Each structure stands twice: as C-alpha cells, then as structure tokens.
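Here is a quick tour for anyone meeting this structure for the first time. Have a look at the sequence and the model, then read on.

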Amino acid sequence: MSIIESAAIEAHNEGLARYIRNDYEHLGEQLARRNIDIERVRERVARFGVAIPSWGVGTGGTRFARFPGPGEPRDVWDKLQDCAVIHQLGRTTPTVSLHLPWDTCNDWRELRQKAADCGLAFDAVNSNSFSDQPGQRHSYKFGSLSHTDAAVREQAVEHNLAVIEAGRELGSTALTVWVGDGSNFPGQQHFRRAFDRYLDSTRRIYAALPEGWRMFLEHKICEPAFYATVIQDWGSSFLAASVLGEKAQCLVDLGHHAPNVNIELIVARLIAAGKLAGFHFNDSKYGDDDLDAGSVSPYRLFLVFNELVAAEHERVAGFDPAYMLDQSHNVTDPIESLISSAAQVQRSFAQALLVDREALDAAQQANDALAATQLLKDAFQTDVTPLLQRVRVDAGGAADPIAVYRASGYRQRAAQERPARSAGGGGIV
Ligand code: LRH
Ligand code: MN
C-alpha cells in the first residue's frame, strides 16, 4: 500500500535519472582506482536497514516544554502510517520499534497485518517502567526492577512479561529494557544491593524469553537520576548480561555516555565478547540530547560503523547487531528528520564499506599511524550520495526523499485529518 503517489516518485526520479547515472558511473571509476567494486558495495548497502522508533514520529520535547507540530500522530495506527511514508521514500527503514504502553492497541495481530501491508515489520519492543501510568498500583518514583519494595519490582517484571507477549504477537524477537532506576544523592541507594535486585528481576524476565528471542540491556550515565544509575555504563550492562546468559546483550545508545567517551572502543569490546545487542543511533553535544544521527559528529558515527564493518568483514562469531534510531524531534518535522537520519546512518555504513581493510591491517601491523588514519579519512571523505540515490531508486524510493515528501503535501493532509494537539507541559513525547 503506497501512501505517497508512486507516479510522483517516478516522475521525480525520472527527472534526475541522467545525473544519478553519470554520478554513479563516475563514483564507480573513482572506487575502481581504489580496488573497490561499487556493485559489491551497492549490493550490501541495499540490504542495510535501521529501525524507526515509534516514539520518534511525534514531536518530542524536553522537561521545559513540547511544541507539537501539525498533524501529530494520535495513536499507533497514525504512527505506523507515518513510518510507512518514511520507508516508502527512503527504503532503508523496514522495521519499527514500538514502546509500551505508549503504543498500546487492542489487536496486535491487526497491527501486524497493517504493518505488513505497508511493507513494515517490528524490531525490538521496549518496556516502560520509568513512568507511572494512570491507575498504576505502585509508583516507579524510586525505581522499578531494582526498587527496594518487592511489590514494585513484581509489577515491573509483570509489565515486561506483558511486553514480551505483545512482541510475540507482533513477530518481534527482542525486548529492550531501559530503566530510569538510580539515585540523586550520595548514600540514597546501596549500589550493590540495587544491582542485585535488578539482577533478580531481570532473571525472571530472561526466563520468560520465547525461543529465538534476545534481551537488550540499555545503559545510561544519567537522567532521570542525576547522581548514579543502576545500569550506568557498558561495564554494568556487560556484567548484568553476562550473569543473565547468552540471550542477554548490551544495547548502545550513542547519547548515553559522558562527553568524549570513546564509543567505538566500547563497541569493539562488546563485539569481541559477543555481547553487542545493537544501537540506538542519535547524536548529542552535551547530554542525552537525542539529536538527529550524524547531525553533530558524523565522523564519530562513521568510526562506530568502521568497527561494525570490520567485524562483519572478519566474520566475527555471533555478530548480529540490531540497528535502531532513538531520537527526539523538537524543532523539525519528525518524518523529515527520520528520513534524513536513516539516510545518514546508511551513508556512514556505506562509507565504512569503502575502507581498504587489507591496507589498514598492514598499516596497523607496521605502526604506520598516519597511513592508517588516512585510510579511514579517505573512506569518510568519499561522497557516496550517487550510490545511496541509486539504492533508493532501485528499491522504488525517491532519489531525494525529502523533496518528494515536501511536494506531496502529506503533512498538510495529516493536519486536516488529525486534530491539532495543544502545546502541553514538558515531556519527551
Ligand atoms: C532513554 C531512552 C530509552 C527509551 C527512551 C525513549 O533515554 O534512550 O531507549 O526507552 O529513551
Ligand atoms: Mn535509547
């Protein structure tokens, strides 16, 4: 089912076909001079996908305020339609990651069918024991899976089991667990006991994982707790995932680290240990800013993909990361930000495929630092735009998806169909 007029996409692509063909051939010649077969790269990029966060298609906010845009999605059905537009035009986001209970619906199978009709499937499902729902018996104010009160932990465990059930009906095969558990004052929490309580709770969730499922533990340095968090860094996450078992792995949200932390090194460590679950891609300058991926530090995103492509190239055992975006779109049209962010992540992957791995191995072996880093720069500084356009057009998408989206008037139509949401208090969604 196509939401944007296919004829409009075809007319747009036809207008650019000659330029894309020339630019692609020229890039092919450039790469051939570097012993790189552009067809092999194009084939691999065409199989690349990154999941859309359902909570990212609505306008995001901060604790200070949220300024909803026109045509805000009202429910998971509207969110799915917006995700379908993103995939129809960009052709690199075949899956959606849902967040419960934000995306609650009363017929998961119908939702699964609607998604399939739009060419979409469901990636990891996310539980939410970091905010209280109306009528909830126990509050998560002082934590959830690590709470001192067994009844609160029980409630959070039950919620995660219910999310797994929903995920099973949706065809998902992974549960992402991020908890806001932590403390704001020195002495407020017993670090080791809190971690042990977290392990007790996650063991119960782990035991309920269906065949073939994985459990993604997401670490975060701070917020909403601002002195310590129970799963504060990759070390705590790795420890927990190791205790739980092989189906538990560590999910890396790029915004969840202190400034200047070497995230690509953490990625290399988790790959080596067979514990890399995958990613929540975004960008940040200060904290968990949830900015568009690659919008501030595209070279950092490239360096992460350099580690991922190296692992794939070396056929590292058990290497099967899940790629997802996790962003908050406070001042842009979320659909535009998600289209361009997915394309940016795809671009970083394509550039990392251009690294001459044999030459890099030789330079590293010879401790030729300049030659080694120049090989990465050569790949990063290659403009792969013609290749990405070709991949999109071959897959039925738009050479310039944002231009076609803007010309389609989709947002204006959505604004007519969906009642305006008043600017409310703070909150990320
Ligand atoms: C926490 C987080 C987590 C989600 C939430 C929406 O900061 O990154 O992945 O549950 O954002
Ligand atoms: Mn995240």
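First, a term to get started: two strands pair if DSSP finds at least two bridges between them. Keep in mind that this is a predicted model.

Three strands make up an open sheet with parallel pairing, in the order 1-2-3. Strand 1 (52-53) and strand 3 (121-122) sit at the edges, each pairing on one side only. Strand 1 is joined to strand 2 (residues 95-97) by two bridges, and these two strands run parallel. If you want a spot to look at, find Ile 52, which stands opposite Val 96 in strand 2.

Now move along to the loop between strand 11 (322-325) and helix 10 (334-352), where you'll find Asp 326. Asp 326 is buried, yet it has no salt bridge. How far away is the nearest side chain of opposite charge? That side chain is Lys 220, and it is 7.8 Å away; a salt bridge has to be within 4 Å.

Asp 326 does have a polar partner, though: its side chain and that of His 280 are joined by a polar contact of 3.2 Å. Leaving aside residues up to four places away in sequence, Asp 326 also touches several others, including Pro 53, Trp 55, Glu 218 and Asp 253.

Side chains of opposite charge can pair when their charged atoms come close. In this model the count comes to 22 salt bridges.

One of them joins Arg 42 and Glu 39, at 2.4 Å from N to O. Both residues lie in helix 2 (residues 38-46), three residues apart, which is about one turn of the helix. Are they buried or exposed? Arg 42 is buried, with a relative accessible area of 17%, whereas Glu 39 counts as partly exposed at 35%.

Arg 42 also meets Asp 394 in a salt bridge, this time at 3.4 Å. Asp 394 lies in helix 13 (residues 385-394) and Arg 42 in helix 2, so this pair ties together parts that are 352 residues apart in sequence. Asp 394 counts as partly exposed, at 45% relative accessibility.

## Another link between distant parts

Arg 347 forms a salt bridge with Asp 383, with the closest N and O atoms 3.6 Å apart. Arg 347 is in helix 10, while Asp 383 is in the loop between helix 12 (369-380) and helix 13, so the pair links distant parts of the chain, 36 residues apart. Arg 347 is partly exposed, with a relative accessible area of 22%.

Methods:
Residues numbered from 1 in each chain as written. Chains lettered and ligands numbered in written order. Predicted model: local features only at pLDDT ≥ 70, side-chain atom pairs only at ≥ 80, totals over all residues. Heavy atoms only, no water. Helix = DSSP H or I, 4+ residues; strand = E, 2+ residues; numbered from the N terminus. Buried < 20%, exposed > 50% of the residue type's maximum accessible area, 1.4 Å probe, protein only. Lys, Arg positive; Asp, Glu negative; His and termini not counted. Polar contact = N/O pair within 3.5 Å; in protein donor to acceptor, adjacent residues only side chain to side chain. Contact = heavy atoms within 4.5 Å.
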